[in-house]
Amino acid sequence: MSVFSAGVRARPPSFTTPEFRAALGMFATGVTIVTARAANGKLVGLTANSFNSVSLSPPLVLWSLARAAASMAALSAGSHYAINVLAADQQELAQRFASKDLDRWAGVVHSGGVAGAPLLAGAAATFECFNRSRYNEGDHVIFVGEVERCTHRPEASPLLFHGGKFYAEHPL
């Protein structure tokens with residue numbers, strides 16, 4: 001039984017889009033690069049910090065992508081993708097895969113995952129995912145991936161993002 005009353009809606013926002021973005025930026029996140037191999041064999045990759053765990057059993061993770069993103073077609077249609085959690089020394093990769101108008105893959109060391117999605121060398125963790133489901137919400141699509149294989153480097157320090165800046169985690 002739903003606790004929401006039929007016909008009840010959210011009030012209009014009391015803030016601007018830039019104010020909302022700035023407030024969201026106060027939540028420190030890790031940084032990932034989502035990678036895939038398109039049907040035509042082309043490598044696809046983008047920086048994302050909208051990554052989260054969903055379930056341990058079955059193993060599920062989620063991330064989101066703007067509907068207008070150039071890589072939307074390849075990521076929506078493909079059966080698999082990988083989420084590469086970046087280590088503290090991979091800031092340049094994060095910036096490269098967030099940029100437009102350059103070859104994101106030039107000189108990037110990677111290997112093929114079990115389903116063909118590229119795995120980035122040096123990542124703190126990788127999650128190889130079956131493209132289980134997608135949900136349209138607002139101006140983004142939420143991707144839920146069923147993790148088929150994961151690896152991690154226990155000694156790796158993570159790359160963090162907060163307030164529009166990158167940070168390298170150091171133990172307190």
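This is a predicted model: local features need pLDDT of at least 70, side-chain atom pairs count only at pLDDT 80 or more; totals for chains, interfaces and linings use all residues.

Colleague: How many helices and strands are in the protein chain?

Modeller: Helices (H or I, at least four residues) and strands (E, at least two) are DSSP runs, numbered from the N terminus. The protein chain has 3 helices and 12 strands.

Colleague: What is the radius of gyration of the protein chain?

Modeller: That value is taken over C-alpha atoms, and the globule rule is 2.2 Å times the number of residues to the power 0.38. For 172 residues a compact globule would come out near 16 Å, and the protein chain, with 17 Å, agrees. Its C-alpha atoms fill a box of roughly 50 × 40 × 35 Å along the principal axes.

Colleague: What share of the residues is buried?

Modeller: Buried means under 20% relative accessible area, exposed over 50%, and partly exposed in between (1.4 Å probe, protein chains only). In the protein chain, 33% of the 172 residues are buried.

Colleague: How many disulfides does a search of the whole structure find?

Modeller: A disulfide is a covalent bond between the sulfur atoms of two cysteines. Here it is counted as a pair of cysteine sulfur atoms within 2.5 Å, and the search finds 0. For Cys 129, the closest cysteine sulfur is in Cys 150, 9.2 Å away, which is too far for a bond. Cys 129 is buried, at 0% relative accessible area, whereas Cys 150 is partly exposed at 49%.

Colleague: Which residues does a cis peptide bond join?

Modeller: Most residues other than glycine have a negative phi, and most peptide bonds are trans. In this model, Ser 57 and Pro 58 are joined by a cis peptide bond, with omega about 0 degrees. Pro 58 sits in the loop between β4 (52-55) and β5 (60-66).

Colleague: And where does Asp 101 lie?

Modeller: Asp 101 is in the loop between α3 (91-98) and β7 (110-112). Its phi is near 65 degrees, a positive value in a residue other than glycine. Asp 101 is also exposed, with a relative accessible area of 83%.

Definitions and conventions: Residues are numbered from 1 along each chain as its sequence is written. Side-chain values use heavy atoms; hydrogens and water are left out.
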